[in-house]
Amino acid sequence: ITTTNLNGEKIDAKGIVNIYRLKDKDRLELTSKWGNPDIFLLTESEHDNKFPFEEYGNKSDYELLEEGKQKVYSQAFDTKETRDFEFKNLKNWEQGVYQIELISKDKFGNEVKEIKTTTVYDAKSNKMPVNEFFWTKAEKMSGEPGEIAVLLVGSKANNVEMMYEVEHQGEIIEKKWITLNEEVKRIEFPIEEKHRGNVSIHVVFVKENRVFLKNFIVNVPFTN
């Protein structure tokens, strides 16, 4: 934890860190492509029956999901003594989205608050940590020849046919289909000498008339 004034100079501060487990969405939802309407003509239940995968009222932003959040951890901090903060018993936490809230006061007594969200996941599990159509985590995206790049891809939907491509120097050097059924799969890419100069990984699929696409860069430097 770093505490500074508006000039970026480090100052000492005391405060507290609160961590909350956020309630996951009850159903799969596609993010709305427009803002909330001025008037809602349908109730939420009517809307969900007619549009089973469309969100109602832009609720997908986890930072706005105050309802149902549960405090799982709290600890005081003092940056004069240490700026390192460790989440204890993290291995015992359930997978899901968590909100980290840091609260302190400036020298005038005004409350200063910082809020971040993060996802806790198990790299060895095939269970989805969130109720989303598309979730990815770049576990290892750099290395030397002989090492392995690791990418986690997942979906809470069924019968997802994802295309996986590897691109090097403008050419697709590997392509395959990956099937996802409410699960996370681990993709390993062996890095070879010929891959120096970086490699691109593309993953894409179409579900419920929406395109889901992510691109990743595997950094393979010219250390030779």
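Which residue forms a salt bridge with Glu-114, and how far apart are the closest N and O atoms?

A: A word on the basis comes before the details. This is a predicted model, in which local features need pLDDT of at least 70 and side-chain atom pairs count only at pLDDT 80 or more, while totals for chains, interfaces and linings use all residues. Residues are numbered from 1 along each chain as its sequence is written, and side-chain values use heavy atoms, with hydrogens and water left out.

The partner of Glu-114 is Lys-116, and their closest N and O atoms are 3.5 Å apart. A salt bridge here is a side-chain nitrogen of Lys or Arg within 4 Å of a carboxyl oxygen of Asp or Glu. In general, side chains of opposite charge can pair when their charged atoms come close. Glu-114 is partly exposed, at 40% relative accessible area, and Lys-116 is also partly exposed, at 48%. (Buried means under 20% relative accessible area, exposed over 50%, and partly exposed in between, using a 1.4 Å probe and protein chains only.)

Strands (E, at least two residues) are DSSP runs, numbered from the N terminus. Glu-94 is exposed, with a relative accessible area of 52%.

Glu-193 and Arg-196 form a salt bridge too, where the closest N and O atoms are 2.6 Å apart. Here Glu-193 is partly exposed at 43%, whereas Arg-196 is buried at 9%. Salt bridges can also join up: Arg-27, Glu-29 and Asp-48 are linked in a network of them.

Strand β3 deserves a visit as well. Spanning residues 96–105, β3 includes Ser-104, which is buried with a relative accessible area of 13%. The side chain of Ser-104 reaches the backbone oxygen of Lys-14 at 2.6 Å. Beyond its neighbours within four places in sequence, Ser-104 is in contact (heavy atoms within 4.5 Å) with several residues, among them Lys-14, Phe-77 and Val-112.

Methods
Helix = DSSP H or I, 4+ residues; strand = E, 2+ residues; numbered from the N terminus. Polar contact = N/O pair within 3.5 Å; in protein donor to acceptor, adjacent residues only side chain to side chain.
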